[in-house]
Amino acid sequence: MSLPAVLQRARHAKGLVDRDQERLDLVDRYARGLHRAPWMPAKANAEFKDLVKRSIVNVSALAVEAPLNALRVQGFRKPGSGENAYEWKYWQKNRLDERQNAVHRAALTSGAAYVVVTPDPRKGRKEPLIRAYDAISTVAVYVDPAWDEFPVYALHVPEQQPDEHRTLAFLWDDVAKYTVDLEAEPDSAVLSSEPHGMNVCPVVRFSPAVDLRGRTRGLVEPLIVSQDRLNQQTLSLLLNEHWGAHAIRFATGLAPAERLDPETGDPVRDPETGEPVYDVPSLDPSTLLMAPNSDAKFGQLPAMPTGDLLASRRQTLEEIMGLADVPPHYLAGSNLVNLSADALAAAETSFKRSLSTLQDSLGESWESVFRLCAVAAGRGEIEQDESQVEWAEKATRSLAQAADAMVKLMQQGVPLSVALRKVPGFSQADIDEAVKAAEEAARKAEAAEAEALKQQKEATAGGVDAKNRRNPAGGGRVPARAGAAGR
């Protein structure tokens, strides 16, 4: 591709990044708890502003963290195979057991994340190098964004630039990786070109949902309006608790006592006005109020109720949980308490369906990554094989229930390696070790059974020989079959 065409693509992609940056920055801030402040008066004092800061309750982050805890890839294998595919070792070498959470979190938060697979120049270009980028600084351009597996080209603009006078970016297409200076003249904008030999643009998009127009949607953005309302309701509750939750005592018709000089006993006067200085009566609960004036009145303003505010706030929380498909018992303070494992599983029905959809979408993306790993390692062209991503089991079941289900599955002929995947907490290494131990125990049992059968045959043969030695002529008896044949 000509260098002017590379620069044209890079600048077009940079425009797409700039178009969505403000929206995605807002989504990112809400996911991290940096929300827009609730409304407050223009002349609010420091005490009021401090309550505003305390009113931020980051519930929208739960929409990401709840499914994230259940999204963990633990294998890549063909159906019916007991071992992971060859490409799984590249997963381990790129430390994706740990880094997969960052990819999933970025995809669930912003609606998209991107993984780039290229040959690793540090290892002689014989192994894949996997890197991930978020959607705030990265964009991929497709011919058909809803159906294409790989884009035509993709651009990443690093957030931290090495030079304040330059805007460096990296662009990938089906031929090479280009380093581009977006601010330079066309003749000198493309700083380097590194052919990757992948024959496709080696970028894979991760998204929880893509519509037929190629638009992606994260899990935080639909909750922003409800989250703002929750913060405003929390501020109202704090203001009520701070200034109106306690009863206020008042008195009218009192003649305040003049402040007296403790040495002379004379009234103390204000040095500027010359007026007497009065002692303000203390109205705390330990003070007994008395007045010689019969017209004096004492009273108390009742505390402001908080029940309506709490009910309104609880309704907004339930709305957020419903929009996010998060079970209500995931949030402290819900009405679901002392539930059995079956009741918890029923409460998580909608969440499990949503989680299954996320696993389908993200799993297809990881399978594309594994196919790119095979190409980067020189194992052939990209092909649609039958290997699938294996997700860790994160269901809400007790170990006794899982063990009972595993035994029943094995009684129906389900292999041990498959049944053990339904046991929560079992890693793929645990499953492989258990299968290996079971196979070794089966071999020992077969060998012991064969040895016992051999000894039984030897014992039987020895008994017949001893009997024949005691009666070599056979006792003059004719075998029944032989006698019948002679008649």
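This is a predicted model: local features need pLDDT of at least 70, side-chain atom pairs count only at pLDDT 80 or more; totals for chains, interfaces and linings use all residues.
**View 1. The whole chain, before we zoom in.** Let's start with the overall picture: the chain is built with 13 helices and twelve strands. It has 487 residues, and 34% of them are buried. Now think about which parts of the chain touch each other. If you take the contacts between residues at least 6 apart in sequence, 63% of them join residues at least 24 apart.

**View 2. Helix α1 meets helix α6.** Here you're looking at α1, which covers residues 3–31, and α6, which covers residues 224–244. Their axes are 12 Å apart, and the two helices pack at an angle of about 45°. The crossing of α1 past α6 is left-handed. Which residues make the contact? On the α1 side, look for L26, V27 and Y30; on the α6 side, look for I224, Q227 and D228. Sorted by type, the residues of this contact are four nonpolar, one polar and one charged.

**View 3. Helix α5 meets helix α9.** Another helix pair, this time α5 (residues 96–110) with α9 (residues 349–376). The angle between them is about 120°, and their axes lie 12 Å apart. That angle makes α5 oblique to α9. As for handedness, α5 and α9 cross in a right-handed way.

**View 4. Two cysteines tucked away.** Zoom in on C201 and you'll find a buried residue, with a relative accessibility of 2%. Then hop over to C373, which is buried too, with a relative accessible area of 2%. How many disulfides does a search of the whole structure find? The answer is zero.

**View 5. V268 and the residues around it.** V268 sits in the loop between β10 (248–252) and β11 (297–301). Buried or partly exposed? With a relative accessibility of 28%, V268 counts as partly exposed, because the buried label is kept for values under 20%. Now look for E258, which is ten residues away from V268 along the chain: the C-alpha atoms of the two are separated by 7.5 Å. Leaving aside residues up to four places away in sequence, V268 touches R259, L260, D261, E275, P276 and V277.

**View 6. Two residues with a positive phi.** Now take N199, which isn't a glycine but has a positive phi of about 70°. You'll find N199 in the loop between β8 (190–195) and β9 (203–206). D325 isn't a glycine either, and its phi is positive as well, at about 55°. To find D325, go to the loop between α7 (307–324) and α8 (341–347). D325 counts as partly exposed, since its relative accessibility is 30%.

Notes: Residues are numbered from 1 along each chain as its sequence is written. Side-chain values use heavy atoms; hydrogens and water are left out. Axes are lines fitted to C-alpha atoms, for helices over the stretch in contact, and angles run from 0 to 180 degrees between N-to-C directions. Helices (H or I, at least four residues) and strands (E, at least two) are DSSP runs, numbered from the N terminus. Angles under 35 degrees count as roughly parallel, over 145 as roughly antiparallel, 65 to 115 as roughly perpendicular and the rest as oblique. A crossing is left-handed if the near helix is turned anticlockwise from the far one by less than a right angle, and right-handed if clockwise. A disulfide is a pair of cysteine sulfur atoms within 2.5 Å. Buried means under 20% relative accessible area, exposed over 50%, partly exposed in between (1.4 Å probe, protein chains only). Contact means heavy atoms within 4.5 Å. Ala, Val, Leu, Ile, Met, Phe, Trp, Tyr, Cys and Pro count as nonpolar, Asp, Glu, Lys and Arg as charged, and the others, Gly among them, as polar.
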